[in-house]
Amino acid sequence: MNGPGTSLDREGLVRRFTTALEAAAGGVRRAPDAVAGGQILVEVVKTAGGGPVLLVRDPVLEAAGAAEALAAAGVETSFWEPGQPPNRLRQAATRARVGVTVPRLAIADTGTLVLVPAAGAGRTVDLLPPVHAAVVPTARLVPDLSAALARLGGSVPPSTVALVTGPSRTADIELQLTLGVHGPGTVVAVLVDGLE
Amino acid sequence: MSGLRARPGFLDRAGRALADPLTRRAVAAATDRFRTARRAALDALDDPEGLRDRARAIRAATLARLPDLIDRLEERVRAAGGHVVRAATAAEACGYVAGVCRERGARLVVKSKSMVSEEVGLNHALGAEGVRVVETDLGEFIIQLAGEPPSHLVAPAIHKSRRQVADLFGLASDGGAEPDAAALTAWARARLREEFLRADVGLSGVNFAVAESGTIVLVTNEGNGRLVTSLPRVHVALMGLERVVPTWNDLAVLLTLLPRSATGQKMTSYVSFITGPRRAGEADGPEEFHLVIVDNGRSALLGTEYEEVLHCIRCGSCLNVCPVYRQVGGHAYGWVYSGPIGAVLTPLLAGMETWDDLPLASSLCAACTEVCPVKIPLHDLLLRLRSARVRRGLAGAGERLAFRLWAFVAARPAAYRLAVSLAALAQRPLVRDGHLVRGPAPLAAWLRDRDFPALADRSFQQLWASGRLDSAAGSGDADAGGGTR
Ligand code: SF4
């Protein structure tokens, strides 16, 4: 909608995404490949105070060896397993300190993560734990909101799409910005090259 | 200005608000913050004016075929497995939601912010059925505990101090340190988290509804909107008839403007797009989705001189720049909507007879019109409402008499000259430092809080006739140039 849009190269998108998410009080890390992405995820979890960690079932996390890397670091992990009763999953999400997601897209202009639920990815993995870590292949960056909506909209969109831009926030008490009111107070995106 | 009123009106409520220095400071600070942030966020766009024009065109095109779009929306929501009901009145809307709760045996409803639900009095209606409704937006939660209506469209509890919030939370400090905003927020998070996990029904508003796909869009910062629409088994969404947009392309335009205009954010922390209930194979989400499309007087405005009020996307910008709102805050407007948009919308939806004084709560400076992202000519609408008020004979006998007198005198030069000379004489005991500071009965109320420049000793016409206009104008008289002198 504004800015030069699709003509920007990948690095330009990464820079814009980073600036925008940091402006929204989120954090951004960068990994040159999938395995490095898994290692950085471990660092992010440790910085946040450790597990339990709840992960979505997603090929990107498998490629990154995320669960193995976390287990090797002694962090308690569990997956949002398809087919489990919702209550069990909800309990896991409530117990977890860190929820790990794999966004469908990321919007450079606004620093936004685009989450779409699936069998192995519940709606609240990012929302109930106090920390949200998203593993994002840089190939999934799009320039702006219009570009993202063009891919998601149409006449039969998914049942839910959540755009997430930084931590949950409020300024309802005396205009003081407070993070983590209902959702996470910490949001970190791990941008990973070399994955689709 | 509104003459004397038998029942409490805007002036009484405004008087109460003005007597509360804390609220005035809070409202001023909040509106300043939003205003500055909005300007920066819009300036950062390539072509903010062009975008506003597009937004306005989208809203106009939407209203031009609203019935078709609502049909389409309904069809698409049903196709996605949702229920749709059209509520002509507030009572119908409340009745439907109460019915859903009754049939599911729901005792606890968690709710994210919805102005239209406040408009139809939903919490009250559900409460009467024995259903507990918990507001989960932090600001709404605070004012629900206080039993007050919102004081700002975007920040409903800006009039509450930290200490007042602590009291409402039952955390009154006994001489100890006052809890800070972070501690209060953490307390509310823990308390409301339990409610989220226990609730039977989630109730949300709708910022936009995309007709082509049957998708509702929710814009929040706290994330409560997502919890409300993800955790309970049933999700009920309430929307004003006019919230619909035709396509996702149109949505992109409005969604670019809404957060920038409201809080100055490029994007709020959360935006949800919801199309029906959860689908087969999905891990979680509500099993039922109900969309309640509320008319409540809106369709009656289509095709009238007030139609444009339905363009509103509830960003709150017009409140933040309004010199009246900035002084008196939201409660003076007496109902759910405040500021310029409230002064226009309330009489139209809730009745001219009861709310005829709200359109007078404006200096007609047009600051509201200037900032409105969808370019609603708010000050024109206020003027139209004012003249409708006069046409309907709501203006009060004193005001009507005064204008009839004025019309008589102004049309007769001799009478006019005489009146001006007499007034210049009669005002003498009431003038101090060149200003009228007191007045007889009809002027007394107006002059209680204001001074009015006194009439000059010699009128403009007298100066003109005597050929001494130049020397008078050059005499350094601060009030030179007044046309009626
Ligand atoms: S009238 Fe315009 S400025 Fe006021 S709330 Fe509505 S959209 Fe915003």
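**Entry 1. Chain B as a whole**

I first looked up burial in chain B: of its 485 residues, 54% are buried, where buried means under 20% relative accessible area, exposed means over 50%, and partly exposed lies in between (1.4 Å probe, protein chains only). I note that this is a predicted model, in which local features need pLDDT of at least 70 and side-chain atom pairs count only at pLDDT 80 or more, while totals for chains, interfaces and linings use all residues. Residues are numbered from 1 along each chain as its sequence is written, chains are lettered from A and ligands numbered from 1 in the order in which they are written, and side-chain values use heavy atoms, with hydrogens and water left out.

I then recorded the secondary structure of chain B, which has 23 helices and 13 strands. Helices (H or I, at least four residues) and strands (E, at least two) are DSSP runs, numbered from the N terminus. The C-alpha trace of chain B spans about 95 × 60 × 45 Å along its principal axes.

I also looked at contacts, meaning heavy atoms within 4.5 Å. Among the contacts in chain B with a separation of 6 or more, 72% are accounted for by residues 24 or more positions apart.

For chain B the domain assignment gives domain 1 (45–300) and domain 2 (397–479); such bounds come from an automatic or database domain assignment. Taken over C-alpha atoms, the centres of domain 1 and domain 2 of chain B are separated by 54 Å.

**Entry 2. Two helices of chain B**

I examined helix α19 (residues 397–410) and helix α20 (residues 413–426) of chain B, which pack at an angle of about 115° with their axes 7 Å apart. Axes are lines fitted to C-alpha atoms, for helices over the stretch in contact, and angles run from 0 to 180 degrees between N-to-C directions. On the α19(B) side I found B:W406, B:V409 and B:A410, which meet B:A415, B:Y416 and B:A419 of α20(B). The residues of this contact divide into 6 nonpolar, no polar and no charged. Here Ala, Val, Leu, Ile, Met, Phe, Trp, Tyr, Cys and Pro count as nonpolar, Asp, Glu, Lys and Arg as charged, and the others, Gly among them, as polar.

I next looked at helix α6 (residues 145–152) of chain A and helix α12 (residues 248–262) of chain B, which pack at about 145° with axes 10 Å apart. The crossing of α6(A) with α12(B) is right-handed; a crossing is left-handed if the near helix is turned anticlockwise from the far one by less than a right angle, and right-handed if clockwise. From α6(A) the contact takes A:L145, A:S146 and A:L149, and from α12(B) it takes B:W248, B:L251, B:A252, B:L255 and B:T256.

**Entry 3. Helix α1 of chain A and what follows**

Helix α1 (residues 10–23) of chain A has 14 residues and reaches 20 Å from its first C-alpha to its last, close to the 20 Å expected at 1.5 Å a residue. The expected span is 1.5 Å times one less than the number of residues. I listed the buried residues of α1(A) as A:G12, A:L13, A:V14, A:F17, A:T18, A:A20 and A:L21. Their cover includes β1 (27–31) and β12 (186–192) of chain A.

A:V28 lies in strand β1 of chain A and is buried, at 17% relative accessible area. Not counting residues up to four places away in sequence, A:V28 touches A:F17, A:T18, A:L21, A:E22, A:A189 and A:L191.

A:A25 is in the loop between α1 and β1 of chain A. Its phi is near 70°, a positive value in a residue other than glycine. With 36% relative accessibility, A:A25 is partly exposed.

**Entry 4. Single residues**

I found a cis peptide bond from A:G51 to A:P52, with omega near -5°. A:P52 is in the loop between α2 (34–47) and β2 (53–56) of chain A.

B:R314 is not a glycine, although its phi is positive, about 60°. B:R314 is in the loop between β10 (288–294) and α13 (317–321) of chain B and counts as buried at 15% relative accessibility.

B:R386 is in helix α18 (residues 378–391) of chain B. B:R386 is buried, with a relative accessible area of 16%. Leaving aside neighbours within four places in sequence, I found B:R386 in contact with B:P359, B:L360, B:S362 and B:L364.
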